[in-house]
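Here are a few exercises to work through with the model open beside you. Try each task before you read its solution.

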Amino acid sequence: MQAQIREKLSQVIDLVNNVLVNPDISLDYSIPEESTEDPYVLLKYTMNESHVQEQKIPIKKNYLKKTPEDLANLITFFIEQFTEQIESLENGAQ
């Protein structure tokens, strides 16, 4: 089961990276050894080449039932929300 999840998330990361055009964003995924924890995608957003904001996007069991394409779309949506939030905070602070 872990191998299937790992393969699916790898496909999802590849799909997201193909549409993601922001070089300040990197993605990785984690599949905890404990079956009680959800796998997640770790989103890192680097601002000004020094400050890094991170967010874990949990992949709930019902998300894992989605196709890699649908899951990639969902994660892309979360990324867009996160970057808009960071950019509005950054612009508001100036």
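Contact here means heavy atoms within 4.5 Å. This is a predicted model, in which local features need pLDDT of at least 70 and side-chain atom pairs count only at pLDDT 80 or more, while totals for chains, interfaces and linings use all residues. Residues are numbered from 1 along each chain as its sequence is written, and side-chain values use heavy atoms, with hydrogens and water left out.

**Exercise 1.** Work out which residues Thr 83 is in contact with, leaving aside its neighbours within four places in sequence.

Solution. Start by placing the residue: Thr 83 sits in helix α3. Helices (H or I, at least four residues) and strands (E, at least two) are DSSP runs, numbered from the N terminus. Next, check accessibility. Buried means under 20% relative accessible area, exposed over 50%, and partly exposed in between (1.4 Å probe, protein chains only). Thr 83 has a relative accessible area of 10%, so it's buried. Finally, list the partners: Thr 83 is in contact with Ile 25 and Tyr 45.

**Exercise 2.** Take Ile 25 and find out where it is and what it is in contact with.

Solution. Ile 25 belongs to strand β1. Its relative accessibility is 10%, so Ile 25 counts as buried. Beyond four places in sequence, Ile 25 is in contact with Leu 20, Leu 43, Lys 44, Tyr 45, Ile 79 and Thr 83.

**Exercise 3.** Describe the sheet: what is the strand order, and which strands stand at the edges?

Solution. First, the order: it's an open sheet of three strands, β1-β2-β3, with antiparallel pairing. Two strands pair if DSSP finds at least two bridges between them. Then the edges: β1 and β3 (51–58) each have a single partner strand, so one side of each has no neighbour in the sheet. On average, neighbouring strands are turned by 20° against each other, direction ignored. For angles, axes are lines fitted to C-alpha atoms, for helices over the stretch in contact, and values run from 0 to 180 degrees between N-to-C directions. Zoom in on β1 and β2, and you'll find six bridges in the antiparallel sense; Ser 26 stands opposite Lys 44 in β2.

**Exercise 4.** Say how the helices α1 and α3 lie on the sheet.

Solution. Begin with α1: it packs on the sheet by touching β1 and β2, and its direction makes about 170° with that of β1. The buried residues of α1 are Ile 5, Lys 8, Leu 9, Val 12, Ile 13 and Val 16. Down the axis of α1 they fall within an arc of 140° (taken from the directions from the helix axis to the C-beta atoms), so they line one face. On the other side of α1, Ala 3, Gln 4 and Asn 18 are exposed. Now α3: this helix lies across β1, β2 and β3, running at about 30° to β2.

**Exercise 5.** Find the residues with the most contacts inside the largest nonpolar core.

Solution. A nonpolar core is a set of buried Ala, Val, Leu, Ile, Met, Phe, Trp, Tyr and Cys residues joined through side-chain atoms within 4.5 Å. The largest one has 21 residues, and those with the most contacts inside it are Val 16, Leu 27, Val 41, Ile 59, Ile 75 and Ile 79. The largest share, six residues, comes from α3. To finish, follow Ile 79: not counting residues up to four places away in sequence, it touches Val 16, Leu 20, Ile 25, Leu 27, Leu 43 and Ile 57.
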